[in-house]
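Have a look at the picture first, then read on.

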Amino acid sequence: MTRIVLSTGNIVTGGPLIIRKPGTPRSNLELTNSLRSNFQAAQQDYAPSPVNSNGNGAHHRNGHPVNGKTRPTVDAWTATEDSVLYVPRIDWTAAGLQEDRAQYEITLKLFFLPTASVEKRTEYINEALQLVMKELRVEHIDLLIASFPGISFEGDCEWEADKINATMGNDEEEITTWAALESLYEQGKVSRLGIAEFGTEKLQRFINRVKVWPAVNQINIKDCCSVPPPLTKLAKSEGIELLTHGDCTDILPSGTLRELLGHGAHGAGILADDENAQNGLQGNLIPEWVVKYTAFVNYRGVIENKGYFAGAELVKA
Amino acid sequence: MGLLALGTALDWPDAQKRAQQVREWGIKQLLEIWNKAKHKERDAMLWGDEVEYIVVRYSEAAPSVLLSLRQADILSALAADEELSAKGGGVPDLQDVKVQNANPLPVFHPEFGRFMLEATPGKPWGSNVKELLDVESDMKTRRKIAKEHMESEEYPLTLTTFPRLGVPGVFTDPYYPPSGSKLRSQFVPDEIANPHIRFPTLAANIRWRRGRKVQVNVPIFHDEKTPNPWKDPTVNYDLHNWPEDDDVRNGAAPDNFIHMDAMAFGMGSCCLQITLQAKNILEGRKMYDQLSPLGPILLALTAATPIYKGFLADTDVRWNQISRAVDDRTPEELGEKPLKENQRHIPKSRYASNSTYISTDPRLRPEYFDPNLVIDESIKAELIMGGMDDLLATHFAHLFIRDPIVIFNEDLEQLDLSKTDHFENLQSTNWQHMRFKPPPAGSDIGWRVEFRPMEIQITDFENAAFSVFMVLISRAILSFDLNFYIPIAKVDENMETAHARDAVLGEKFYFRKNPFPNRAPRSAAASNTNSPTSSRPATPVSPVEDEYTLMTIDEVINGSKSEEHDFPGLISIVESYLDAVNVDVQTRCELSTYLDLIRKRASGELWTAAKWIRNFVAKHPAYKRNSVVDDEVTKGLVSAVINIGEREQASKGWKGLDVPDLEKFLGQFRGGCGSNGVKRTADKIN
């Protein structure tokens, strides 16, 4: 069994990665493209120096392509620490924010993936939180939004979506997970907690049962002028902010992750092609969680850092 | 601008003698500010908008609409309103306005034209995305307050120009005859300008320095029955009041051009300006550079000026007219005569598109600079001696090639380094499309950048939309570290292109294909064997010409699907910024109506004000297809604009309003043809 942590690094200056093309619906392209791009970048950055470097560099590069054609060995651009495989390796010396912590609003959105174990969610929460805190060098988070699997808020008519939503997800599991988040809140590690895609009924049931109420409910609606009025009303009366987002719920399906790490044209070349192949790691790949983090400089209205970590497990077949 | 300074304004011959002194003192003051503020850090992102109005006198009974010259009375009435000043509003030029509450009422300012008014929010806007929703309602409040302090037949309109400014006969109330001693205009009286000594002196000294009247010629729009060649029928070739009356006899009024001859034809135009505070000088310098290439795009997109002096023009925007209306260059500086009295040829008017880039961004390539940049070498040397870096010194040494136009004798007695009056004298009479503004003396305000090219829009909804858009794009530029650099010469060309009739749909503009930063390689700081290789070749530098291409405004705003490049469009960039920050549903919804307006104006789905006005004129029964916009047509247009404004004030939408093509101009926005009853933040009026 191998634990894998994937990361994008800061994508806010990543150009096209962070720009949603006109007319494209919400998708996980930002995550998948950013991961892929970060893998390629790491492979370039950690590529072996051109051999025979006493010659004219330009000449050598012509005959010795380093830009993506010849991959460095997996060891060179990934790292194994405490039996976790980091893809790519993370240069923690570059971690941190530019200004005082007080200037930032730091938001995390933690996606619990449908492929993962519900029992281990507390571990996922801690793992994700630790990684982000290390990356941003911060001690606490301003807003942590939990995105549970199997819930969506979709449909041409938002009324309809609100109704369907009431039967989605798994209340018991969500409430159990919430308790772990509440403890982070109580420890002062997170100032505000939030949930995503909760419709009116689901939200009402939820707040009836939890200790710490969500401060935020993130919803994705195409025409955001038509939020179902009952939801608006409930949110208003209970002091829950309705925020927008453009993420999709199943943000990292296992097929997608396998493709990202496989030997295909755009893969990272880490996984073996099949159980008989010798060209990489063997086993079943199970995506567990994804965390998106954003560091927003309040007084400037500027996003300084945004990125993703994803956790997965490779289980022997 | 604080209280308008009073004093003895020097006539040009005297002013000219003291010009060098003002420049020298101005430079000393600049170095003082620079030294004090160069390390100023962490200033909050505050911003402000400025809305300018013309004031018309309109009644259903009167056959013609007139410009009201009661600016001073209106401002006095505003200043005398105790409730307004108690709530933080008022007229800073006439009274001490103190911001004492959290949401102060707006403040009003005089402008060059005596028929103009400017209004700004009572305090700057902050960086919170939510605050962007207050802009529109604040603009509506400004208009409401302005109207309340006018006579019942007076209206504040956000039209860039008054269509009948300068026509023969009566177009102002009260009437004054033209051909006064200050402007010496055939068409407008001296009383058209704000009577404060600064303004007539500005106009007179520009003319005096130039050696003739300013020459504002706009090509006529040739309609079916417009003669060709067309000779401006309002030009009087037999006037002999002033030596400058010879100008038209010497060819100042060529065929096929609407001829205008006074500063008021330019500086009497209304603009929509945005000022953004930067966190420090470096961020300010970056914003100055990065917003600069957007100038011509936003000019074309806000086009609203198709009529001059009672004629349809063949251009859609005000910019060049203002440029010419304040062009104080002598024939020598213009290159019409060999240099004798003057020091140098000067390729641009004081009012023109930017000539400098000033950022310390390593992506600023030497190829982008203006090859024709004119600077004062001795001033640059002095600034560098004073510790300023080359780029910024070059910028100010460029601004300081100009003479100060209005000099008050009293200010020349002693240099006061705690003030910035001499610096501002030059700085604020360099009207480029961006302005880089150092912190004012004796305040906590930071380095700021002003974005100046936009035309004022007819409704507050549109003005809010464009203001908000500029703020959002500035945040996206800083967040995503975008790069819009193209050579300054191409920005200049774009500025000219933006003038064409319907440039927004018919023209292409130079724009950078890839606005994104290159990936920075991982730091090579780690010293273990797995540290990234430092021998990675630097990204090869391609020729500058490959970086940009011609794009339509639609491509720039909405994205391109060309094979050559995939520029994502400014709207996508702004939306991606909004996607990445925590925005509540209502805010996002309301912001998307602003983005939709801009999207639709760029794609042509909705018309610019210029196009709507043109079509209004063309369809008016009194229009004779001869390019003439007479009193009757103007009255119809003003009446339509007043009606639109009243509906907007009442948040009633435009349903049932008998105004041609309104749905093509404003679409379904703000209630459109049938209000859905949703109350928006923007509907609130204080």
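## A pair of strands in chain B

Strands here are DSSP runs of E with at least two residues, helices are runs of H or I with at least four, and both are numbered from the N terminus. Strand 7 and strand 8 of chain B run antiparallel and are joined by four bridges; DSSP has to find at least two bridges between two strands for them to count as paired.

Strand 8 of chain B, residues 257-260, is covered on both faces. B:Phe257 and B:His259 are buried on one side, and B:Ile258 and B:Met260 are buried on the other. Buried means that 20 or more other C-beta atoms lie within 10 Å of a residue's own, exposed means 12 or fewer, and partly exposed is in between, with C-beta atoms placed from the backbone. In a regular strand, side chains alternate between the two faces of the sheet.

## How to read the model

This is a predicted model, where local features need pLDDT of at least 70 and side-chain atom pairs count only at pLDDT 80 or more, while totals for chains, interfaces and linings use all residues. Residues are numbered from 1 along each chain as its sequence is written, and chains are lettered from A and ligands numbered from 1 in the order in which they are written.

The predictor's confidence in each residue is its pLDDT, which runs from 0 to 100. For chain A the mean pLDDT is 88, and 89% of the residues reach 70 or more. Over residues 52-68 of chain A, though, the pLDDT is below 50, and this stretch has 20 contacts in the model beyond near neighbours in sequence. A contact is two residues whose C-beta atoms, placed from the backbone, lie within 7 Å. Where pLDDT is low, the predicted coordinates should not be read in detail.

## The sheet of chain A

Chain A has nine helices and 10 strands. It has 317 residues, and 44% of them count as buried. Of the contacts in chain A with a separation of 6 or more, 71% are between residues 24 or more positions apart.

An open sheet of 10 strands in chain A has the order 2-3-1-10-9-4-5-6-7-8, with mixed pairing. Strand 2 (79-81) and strand 8 (241-244) of chain A stand at the edges with a single partner strand each, so one side of each has no neighbour in the sheet. Ignoring direction, neighbouring strands of this sheet are turned by 25° against each other on average. Within the sheet, strand 6 and strand 7 of chain A pair in the parallel sense over three bridges, and A:Ala196 stands opposite A:Gln218 in strand 7.

Helix 6 (residues 171-186) of chain A packs on the sheet, where it touches strand 4, strand 5 and strand 6 of chain A. Its direction makes about 155° with that of strand 6; such angles run from 0 to 180 degrees between N-to-C directions, and the axes are lines fitted to C-alpha atoms, for helices over the stretch in contact. Helix 9 (residues 254-261) of chain A packs on the sheet too, touching strand 9 and strand 10 of chain A, and its direction makes about 85° with that of strand 9.

Which peptide bonds of chain B are cis? One joins B:Asp173 and B:Pro174, with omega about 0°, and B:Pro174 sits in the loop between strand 6 and helix 5 of chain B. The bond from B:Asn228 to B:Pro229 is also cis, with omega near 0°.

A:Glu197 has a positive phi, near 65°, in a residue other than glycine. A:Glu197 is placed in the loop between strand 6 and helix 7 of chain A, and counts as buried because it has 24 C-beta neighbours inside 10 Å. B:Arg625 has a phi near 60°, but B:Arg625 is exposed, with 11 other C-beta atoms within 10 Å.

## A covered helix in chain B

Helix 20 of chain B is mostly covered, with eight of its 11 residues buried. Among them are B:Trp612, B:Ile613 and B:Phe616. The buried residues of this helix pack against strand 10, strand 11, helix 21 and helix 22 of chain B.
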